[in-house]
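I opened the model and kept short notes. The entries follow the order in which I looked things up.

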Amino acid sequence: MSDIEEAAKDAVEAAANSEQLALIAAVLQAQQLTQQPTPAPAATPSSGNTAKWVGIGAAVLVGGPLFLLAFTAAALGIAAVALSVAILALVLRSVWRDIKPK
């Protein structure tokens, strides 16, 4: 093979390689265009976890004293009923002694 034939053959191979490289570059560019990074999702607001605990704390702060007040009122009512029953028992005992035959 002469130098001219060999140079022509190398030129044809180089042209084929150039076409392949151009095709590979086009495929890579197409992949980059189709795989553009998607934007990160926006931060979701909290599910009201903080508000829930603030509400529970407020309920405890308001409800605790109200519960104690209701408990105190019930205890005083029970004490008043017990005192009334005791006085009634003493009065009835006294009346029974007065009307009992001797």
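I set the exposure terms before anything else: buried means under 20% relative accessible area, exposed over 50%, and partly exposed in between (1.4 Å probe, protein chains only). By that rule L33 counts as exposed, because its relative accessibility is 55%.

Ground rules. This is a predicted model, where local features need pLDDT of at least 70, side-chain atom pairs count only at pLDDT 80 or more, and totals for chains, interfaces and linings use all residues. Residues are numbered from 1 along each chain as its sequence is written, and side-chain values use heavy atoms, with hydrogens and water left out.

Overall form. I counted 2 helices and 0 strands in the chain. Helices (H or I, at least four residues) and strands (E, at least two) are DSSP runs, numbered from the N terminus. I then checked the radius of gyration, taken over C-alpha atoms; the globule rule is 2.2 Å times the number of residues to the power 0.38. The chain has 50 Å, whereas a compact globule of 102 residues would be near 13 Å. The C-alpha box along the principal axes is roughly 160 × 25 × 15 Å.

Surface. I found 0% of the 102 residues buried. The chain exposes about 9,400 Å², and carbon and sulfur atoms supply 71% of it. Accessible areas come from the Shrake-Rupley method with a 1.4 Å probe; for residues, only the protein chains shown count as cover.

Helix α1. I placed L33 in this helix. Its C-alpha lies 67 Å from that of F67, 34 residues apart along the chain. S18 is in helix α1 too, and counts as partly exposed because its relative accessibility is 45%.

Patches. These take residues with over 30% relative accessible area and no salt bridge, joining like charges within 9 Å and nonpolar side chains (Val, Leu, Ile, Met, Phe, Trp, Tyr) within 5 Å. A salt bridge is a side-chain nitrogen of Lys or Arg within 4 Å of a carboxyl oxygen of Asp or Glu. I noted a negative surface patch of D3, E6, D10 and E13. D10 sits in helix α1 (residues 3-34) and is partly exposed at 42%. A nonpolar surface patch holds L83, I87, V91, V95, W96 and I99, together about 630 Å² of accessible area. I99 belongs to helix α2 (residues 49-99) and is exposed at 60%.

Charge. I logged 6 positive and 7 negative side chains, the centres of the two sets 88 Å apart. Lys and Arg count as positive and Asp and Glu as negative; His and the chain ends are not counted. Each charge is placed at NZ of Lys, CZ of Arg, CG of Asp or CD of Glu.
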